[in-house]
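Dear colleague,

I am handing over a structure for you to look through, and my notes on what was found in it follow below. Please keep it open beside this message as you read.

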Amino acid sequence: QVQLEESGGGLVQAGGSLRLSCAASGRGLSSSDLGWFRQAPGKDRENVARIRWSDDSTYYKDSVKGRFTISRDSTKNTVYLQMNSLKPEDTGVYYCAARAGKAGPYSDWGQGTQVTVSS
């Protein structure tokens, strides 16, 4: 099981930037995928980015490609989501999540951090 704690959310104007952090701890981290999800009011939770701990391969949702960057610092067991050129539609609660292996559901979740982008 992996424990996750997000930080770095806040209020920003459209076009601005934020960096989210996810501090991870627990067993199995080295073989896990770490993902960032977001949930906007009235909408389903969606996966916006993912990084594979073993090889740093990444995935991005089409709508954030070129604007968001996911990365990790293995010395700190921390995953980051750098968000640039933010848009009002990026508003939502952002969650960090982990899953064992390369497929299947994410089983461990952080508590979430609010990101609000004003127009």
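A pocket is an open set of points, on a 1 Å grid over the protein atoms alone, where a 1.4 Å probe fits, with protein on both sides within 12 Å along at least five of seven lines, and its lining residues have an atom within 4 Å of a point. The volume is the space filled by probe spheres set on the points, which are joined across faces, edges and corners.

This is a predicted model, in which local features need pLDDT of at least 70 and side-chain atom pairs count only at pLDDT 80 or more, while totals for chains, interfaces and linings use all residues. Residues are numbered from 1 along each chain as its sequence is written, and side-chain values use heavy atoms, with hydrogens and water left out.

The largest pocket holds about 160 Å³ of space, and its lining includes Arg38, Asp44 and Lys87.

Rings of Phe, Tyr and Trp (its six-membered ring) pair if their centres lie within 6.5 Å, and planes over 60 degrees apart count as edge-to-face; by this rule there are four aromatic pairs. Phe37 and Tyr106 are edge-to-face, because their ring centres are 4.9 Å apart and their planes stand at 80 degrees. Both Phe37 and Tyr106 are buried, which means under 20% relative accessible area with a 1.4 Å probe, protein chains only. Tyr95 and Trp109 are also an edge-to-face pair, with 6.3 Å from centre to centre and 80 degrees between the planes. Phe37, Tyr95, Tyr106 and Trp109 form one aromatic cluster.

Best wishes

Technical notes. Phe/Tyr/Trp six-rings, centres within 6.5 Å; stacked < 30°, edge-to-face > 60°. Buried < 20%, exposed > 50% of the residue type's maximum accessible area, 1.4 Å probe, protein only.
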